[in-house]
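Welcome! Here is a short tour for anyone meeting this structure for the first time. Have a look at it below, and then we will go through a few of its parts together.

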Amino acid sequence: MSEPTIEVYENEDRTFAPSAEFTAQANTNDRSLYEEAEADYEAFWARQARELLTWDQDFTEILDWQLPFAKWFADGKLNVSANCLDRHVDAGLGDKVAYYWEGEPGDKITLTYAQLLTEVKKFANVMKGLGLEKGDRVAIYMPMILELPIAMLACTRIGVAHSVIFGGFSADAIVDRCVDADAKLIITADAGYRRGAPALLKPTVDAALEIGAPSVENVIVANRCDTDPAMTEGRDHWWHELMAAASDDCPAEPMDAEQLLYLLYTSGTTAKPKGIMHTTGGYLTQVAFTHKYVFDLKPETDIYWCAADIGWVTGHSYIVYGPLANGCTSVMYEGTPDTPGKDRLWDIAERYGVTQLYTAPTAIRMFMKWGTQEVEKHDLSKLRVLGTVGEPINPEAWMWYHEHIGGENTPIVDTWWQTETGANMITPLPGVTTTKPGSATHPIPGVFMELVDDAGNTVETGGGYLTISRPWPSMLRGIWGNEERYRETYWSTYEGKYFAGDGAKLDDDGYLWLLGRVDDVMNVSGHRISTTEVESALVDHPAVAEAAVVGGTDDITGQAIIGYVILRGTHEASVALGDEIREHVGVKLGKIARPKTVIIVPDLPKTRSGKIMRRLLRDVADGNKLGDTTTLADPAVVAAIADGAASSDED
C-alpha cells in the first residue's frame, strides 16, 4: 500500500472532528471547561484541585503571583503518595491493577494498588533508616523497572525530593546532578535490559562517585540482571536486603502544597544542567486534570500506556503521578520497541488491551519506516485515544498514525509542553476539538498563550514566539539554587511573559502549529523557515523515511538549509536522488525553502530517548569540531554522517 501524499501545514485543510459516538461518552464534550476558565481561571483551577485531589488541609489561598514566582494553594496540605495510593486502597480498590509491567526478556509482573502501597511504605522506611529527612534530595538512576516508581512515591511520602537521572546518561551527568542537588543517596540497579543484553548502571554510578559527588552517603542497588556488580562495604546496599528488613508501617506525612516534589535537570549546549523545580499541590492538580481530560480517561475500564521513559518529564507526569492520582491501570515496559521483533509495541498493546497510547513522533516515523505489516499482525481495536509528545509531528506521520494505528476513527491528541511546564499545555480535548494533522490546536482550559513578534507585540495570525501570559499550576517554581538564572532564562525576553523558547504559527482558524525551538527556526535571507516545515516536505517524498534539517552558516544568506535524510526500503543513494529530493521541497514550499544540500545518511544522531541532536548536525554542516556526544544512542552515527557530508561537498 502506497503512503498518502500529505501537504505541509500551510496547505493543510483537512479536519477531523470527533465522532458522535466518541463525543457522547467523553469526559467533556463541549466548551464549558474553556468558558469556566476564561471567566475565572483561578477559581477553575481551585475546583480541579479540590475535585481531583484529597487534601489533609484545605487551602484558602489559590494563587500568590509575585512575577516570576508563583505559589498555588499555598496554605493547603496534602501528600502525593496518599493521593496516588492510600485513598484508592481506602476506597476498596486495593486489588485494582496499578501496573502491568513487562520486561524486555518477556518477564511480567502485575502490581496492584495495595501491593504498590506496601512496597512504597517499606522503601520510605528504608530511606528513613539511612537518615533521610524531609527536605533532603536523592538521585534515582534506574532502568524502567517497578522499583523506579516505588522509589519516587516513597520519596513523596516523607517529603524527600527526587532527581531522576535517565538511565542512559554518563558518569559526568550523574556527578553534575548530584553535586548541584547536594544529593545524599543514589538509588540505582545493577543493569537494565536493552536489545537483549544488560546495559550496566551500577558501574557508571561507581565511576561517578570516583569523579566526586561528596554529598552522596549511600547507594541502594536493585538486582535486575544478576550482573554481580562490585559493592562498596558501608556505602552500597542491596534493595532486596533492605526491603526484607523494613516495616510496612509508614503513614503519609501531610506536605505544604509548595513542598519541593522533585528536581528534573534539563541540559543546554554549553551551560551546566538546570535543576527544574516542581512542587506538590499545583503540579499534581494539573497532571491529574490533563491526564483525565486529554486522554478521556475512564479508570474503571481503561488500560493506559505512556510508552516513554520515566527519566524524562513525560514519564514523571504521565506514567507515575497523573495515572496513579486518577486510579487507573497502566502498562509499563522496560525495553526497546524492536526487541525481540519490530512489532513489540503492537504485541503488548494487543495482549493487555491498551486503550490509550502516548508516544513520540520519532517513534511513529520509525514505525512507518518498518512498514504496516508489523502493525497488521495485531488487533489494536481497543485503542480509543492516541497521543503524541516530545516534538512537533509532521502531517504525514500524523496521518499514518491516524490510519494504521487508529483505524481512521481514533482521536489523536498532539500535546505540546516542556519539562518546565510540568504538564500538557497545548493539546486537543478528544471529545471537543476538531483536529488538523500536524497542529497541537489550542491551549488547554486555564492556560493562556500569546504569540509575539521580536518586539513583544501580539501576533494574531502568522508566525511568532510562543509565550505564556498567566501562571499555571504545574509551572516550574525556579531553577534549583539559581534564582537569577531562572529570571534570565525564562522571563527576561518579553516583559511579564514566560518565553517557552519555541516558535509557532497561528492559522486563520486560530490553530497553533508548533515550529520547534527557536534555534530550529532558520533565518534564510531574512525569511523565517521552520525546520519542521522543511522536514515535513522532505518526508513527503516517497523515497524518504526520516529527515532532519538544520541551518548551516552561509556567507550570503546568513543561514542555508541543510537536509539530512534516511531512505526508505530499496531506494539507493545517489546524487540524482538527492537533487530530486531538494527540488521536491522547492515545489512544496517554494524555492526559498529548498535545501542548499540534501545529505543521504544511514541514520541520524539521536539521544537514548529518541530525540535528534540537531546541534551535532549543525556542527557537521559547518565543519566544526563536534561537541559532546556522550548522550547519543550510537556515537558512530556522527562519523558516518560527517563522511557523507564530505562526499556531498566533493560532488
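Which residue in β15 is the bridge partner of Leu 263? That partner is Met 277. Please keep in mind that this is a predicted model.

**Strands β14 and β15**
- Strand β14 (residues 260-266) runs antiparallel to β15, and six bridges join the two.
- Strand β15 (residues 274-279) is mostly covered, with six of its six residues buried.
- Lys 274, Ile 276 and His 278 point one way from β15, while Gly 275, Met 277 and Thr 279 point the other way.

**Helices α7 and α8**
- The axes of helix α7 (residues 171-181) and helix α8 (residues 202-211) come within 8 Å and cross at roughly 55°, which makes α7 oblique to α8.
- This crossing of α7 and α8 is right-handed.
- On the α7 side, the contact is made by Ala 171, Asp 172, Ile 174 and Val 175; α8 brings Thr 204, Val 205, Ala 207, Ala 208 and Ile 211.
- Sorted by class, the contact of α7 with α8 has seven nonpolar, one polar and one charged residues.

**The seven-stranded sheet**
- Seven strands form an open sheet with mixed pairing, in the order β5-β4-β17-β16-β18-β19-β20.
- β5 (108-112) and β20 (412-414) each have a single partner strand, so one side of each is left without a neighbour in the sheet.
- From one strand to the next, the twist averages 15°.
- Strand β16 (residues 303-306) pairs with strand β18 (residues 356-359) in the parallel sense over three bridges, and Trp 305 has Leu 357 as its bridge partner in β18.
- Helix α12 (residues 344-352) packs on the sheet, touching strands including β4 (97-102) and β17 (329-333); the direction of α12 makes about 145° with that of β4.

Terms used: Residues numbered from 1 in each chain as written. Predicted model: local features only at pLDDT ≥ 70, side-chain atom pairs only at ≥ 80, totals over all residues. Heavy atoms only, no water. Buried < 20%, exposed > 50% of the residue type's maximum accessible area, 1.4 Å probe, protein only. Helix = DSSP H or I, 4+ residues; strand = E, 2+ residues; numbered from the N terminus. Pairing = 2+ DSSP bridges. Axes fitted to C-alpha atoms, helices over the stretch in contact; angles between N-to-C directions. Parallel < 35°, antiparallel > 145°, perpendicular 65-115°, else oblique. Left-handed = near helix turned anticlockwise from the far one by under 90°. Contact = heavy atoms within 4.5 Å. Nonpolar A, V, L, I, M, F, W, Y, C, P; charged D, E, K, R; others polar.
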